[in-house]
Amino acid sequence: MSSLIYKVSRRSLRFAVLFFTLFIMVYAYSFFYPISVTHAYSNFHEVQTSWGGYVAQGLRGTYKGVQAYFTVPHLTTSPTSDGLIDTWVGVGDGHFNPTVLVQTGIRSSWDSSTHRQLNQAWWWVVGDELPSGSISHIYDEPQIHAGDKIWVYMTSNANNDDYDYFEIRDINTGVRIATYGSTQHNPSTFADSAAAECVVETHSTTPSNTGTVQFNGCKVSTDNSNGSQDWIPIGNTQTTLKNVQKYYTEHLTLGNKSATYATTSSLSNGTDFVVTLL
């Protein structure tokens with residue numbers, strides 16, 4: 001009997017050591033590498049407190065790309081509030097079925113426990129025909145700072161090249177992220193191309209973020225007969241142009257009260273505008 005107990009104990013000990021080793025390996029991998037997240041933004045539009053910026057709307061297949069420069073916002077919050085802002089460009093979400101929206105940009109968040117701002121580059125595809133509803137990737141890049149000038153560029157199946165392309169550059173620090181993501185040869189990830197956007201989106205439940213985000217050079221692209229892209233100032237498009245502070249819901253009802261969290265300036269040069277976070 002004692003021999004049996006001894007064998008069982010040794011077997012249990014070996015199992016515990018193996019389990020602990022695997023746990024440490026998984027934890028270390030998740031800590032040191034970027035993590036792909038399904039539904040990373042699934043709640044963003046459900047808590048749509050405010051969108052600021054511009055959207056050009058056309059027919060399905062009109063827009064194949066968008067690019068812009070913007071400044072990373074400075075987040076200032078109360079000691080008990082966490083701020084969350086996404087500054088992005090995108091193609092799609094044109095209210096045609098199936099709808100596919102393809103986006104890339106910078107997420108700026110404020111951690112009230114550490115009193116620090118974190119800025120992360122990301123890309124995201126949300127589509128009616130994706131099995132999980134969306135695919136996305138967030139990059140932990142410590143060299144993106146508040147106030148930095150960012151260039152973002154994306155295309156979706158431009159001239160039928162069979163992929164989405166995302167590029168983000170920090171002009172101040174030289175950080176560059178360029179990727180196809182997991183979109184190559186996957187038509188369900190290609191934008192419906194009925195709209196193109198340059199947008200600031202805030203997800204705070206209280207108006208705790210203040211400051212401005214300057215957009216410059218917001219341009220959208222269409223395919224041409226030469227197999228390349230024609231880049232047009234978003235304000236010069238021949239389709240419907242909407243200031244999304246008016247087009248999308250900009251009020252969050254809290255009991256019997258509502259609050260405006262962002263306003264958008266008029267366009268300058270067809271490409272430049274300012275979103276003011278209130």
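Buried means under 20% relative accessible area, exposed means over 50%, and partly exposed lies in between (1.4 Å probe, protein chains only). By that scale, Asp 223 is partly exposed, with a relative accessible area of 28%.

This is a predicted model, in which local features need pLDDT of at least 70 and side-chain atom pairs count only at pLDDT 80 or more, while totals for chains, interfaces and linings use all residues. Residues are numbered from 1 along each chain as its sequence is written, and side-chain values use heavy atoms, leaving out hydrogens and water.

Let's look at the charged pairs. The structure holds four salt bridges, each being a side-chain nitrogen of Lys or Arg within 4 Å of a carboxyl oxygen of Asp or Glu. Here are some of them:

| Pair | Closest N and O atoms |
|---|---|
| Lys 64 and Asp 223 | 3.0 Å |
| Arg 169 and Glu 167 | 2.6 Å |

Take the pair of Lys 64 and Asp 223. Lys 64 sits in the loop between strand E1 (50-57) and strand E2 (65-71), Asp 223 is in strand E11 (residues 211-223), and the two are 159 residues apart. Strands (E, at least two residues) are DSSP runs, numbered from the N terminus. Lys 64 is buried at 11%.

Arg 107 belongs to strand E4 (residues 100-111) and Asp 86 to strand E3 (residues 84-92), so their pairing ties together parts 21 residues apart in sequence. Arg 107 is buried at 13% relative accessible area, and Asp 86 is buried at 0%.

Finally, Arg 169 bridges to Glu 167. Salt bridges with shared partners join Glu 167, Arg 169 and Arg 176 into one network. Glu 167 is buried at 5%, whereas Arg 169 is partly exposed at 35%.

Technical notes
Helices (H or I, at least four residues) and strands (E, at least two) are DSSP runs, numbered from the N terminus.
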